[in-house]
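Subject: Structure for your review

Dear colleague,

Please read the notes with the model open beside them.

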Amino acid sequence: HPVMNREIGIEFSNGSLGMGLSLGVGVALAGKVKNAEYRVFVVLGDGECNEGSVWEAAMSAAHYNLDNLTAIVDRNRIQNDRWTSEVMNLEPLTDKWEAFGWNVQEINGHEFADIMGAFNTARSIKGQPAVIIANTVKGKGVSFMENNVDFHGKAPSEEQLTKALEEIG
């Protein structure tokens, strides 16, 4: 869970999964009311989209036309200790966000050009919030960590850390 550090752009800490988007909706709505120029960005895990509060927030964001809000879903298909599909099937994830009134982009979350292009597109969307579904691989670039649920909440050993750093250069 992120820890507030305004110097690096983390405005809020959050705890329970699903609460970050609700908080982001509130901040974006306040910006609309104040005619402020800022944008709000919220990062969600795909497993977090199992939470009902995510969909309540998504519905509210569309209802209030929060075009100053962009959500980024890290779509790595792993949550906690297993695949998201084993916990709660999220498909069709893109269609769900669209049905809730969001502008949806699906990208390769490992390609910086795709990420920057998606942010630029999101900035140009008017009248609705934007969501970027970033398809990623958990542990990308480290052979023994890629798509390995064991490393969701576990730090590598010293030996594993050395090997991982060698593999990613």
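**Helix H5 and its two sides**

The face of H5 that is turned away from the buried side of this helix carries Phe-112 and Ala-113, both of them exposed. Please keep in mind throughout that the model is a predicted one. The buried residues of H5 are Ile-115, Ala-118 and Ala-122. Seen down the helix axis, these buried residues fall within an arc of 65°, so they line one face of H5. As for length, H5 comprises the 13 residues 112–124, which at 1.5 Å a residue should span 18 Å, and the distance of 19 Å between its end C-alpha atoms agrees with that.

Helix H1 takes in residues 19–33, and its 15 residues reach 21 Å from the first C-alpha to the last, close to the 21 Å expected at 1.5 Å a residue. Buried in H1 are Gly-20, Leu-21, Gly-24, Val-25, Ala-28 and Gly-31. Around the axis they cover an arc of only 135°, which puts them on the same side of H1. That buried set packs against strand E1 (40–45), helix H2 (52–63), strand E2 and helix H4 (93–99). H1 is followed by Asn-35, a residue with a positive phi near 55°.

For H2, which has 12 residues, the reach from first to last C-alpha is 17 Å, close to the 16 Å expected at 1.5 Å a residue. Its buried residues are Ser-53, Val-54, Trp-55, Ala-57, Ala-58, Ala-61 and Ala-62, and what covers them includes H1, E1, E2 and H4. Just after H2, Asn-65 takes a positive phi of about 50°.

Thr-84 lies in helix H3, which runs over residues 84–87. With a relative accessibility of 4%, Thr-84 counts as buried, because the cut-off for that class is under 20%. Leaving aside residues up to four places away in sequence, Thr-84 touches Asp-46, Gly-47, Arg-75, Arg-77, Ile-78, Gln-79, Asn-89 and Leu-90.

The structure holds 1 cavity of 30 Å³ or more, and the volume of the largest cavity is about 30 Å³. Its lining is made up of Arg-39, Phe-41, Thr-70, Phe-119, Ala-122 and Arg-123, which divide by class into 3 nonpolar, 1 polar and 2 charged residues. H5 gives the most to this lining, with 3 residues; Ala-122, one of the lining residues, is also among the buried residues of H5.

The second largest pocket contains about 180 Å³ of space. Gly-31, Lys-32, Asn-35, Ala-36, Glu-37, Tyr-38, Arg-39, Asp-67, Asn-68, Arg-123 and Lys-126 line this pocket, and by class they comprise 2 nonpolar, 3 polar and 6 charged residues.

With best regards

How values were computed: Residues are numbered from 1 along each chain as its sequence is written. This is a predicted model: local features need pLDDT of at least 70, side-chain atom pairs count only at pLDDT 80 or more; totals for chains, interfaces and linings use all residues. Side-chain values use heavy atoms; hydrogens and water are left out. On a 1 Å grid over the protein atoms alone, a cavity is a set of points where a 1.4 Å probe fits but cannot get out, and a pocket is an open set with protein on both sides within 12 Å along at least five of seven lines; lining residues have an atom within 4 Å of a point. Grid points are joined across faces, edges and corners, and a volume is the space filled by probe spheres set on the points. Ala, Val, Leu, Ile, Met, Phe, Trp, Tyr, Cys and Pro count as nonpolar, Asp, Glu, Lys and Arg as charged, and the others, Gly among them, as polar. Helices (H or I, at least four residues) and strands (E, at least two) are DSSP runs, numbered from the N terminus. The expected span of a helix is 1.5 Å times one less than its number of residues. Buried means under 20% relative accessible area, exposed over 50%, partly exposed in between (1.4 Å probe, protein chains only). The arc is that of the directions from the helix axis to the C-beta atoms. Contact means heavy atoms within 4.5 Å.
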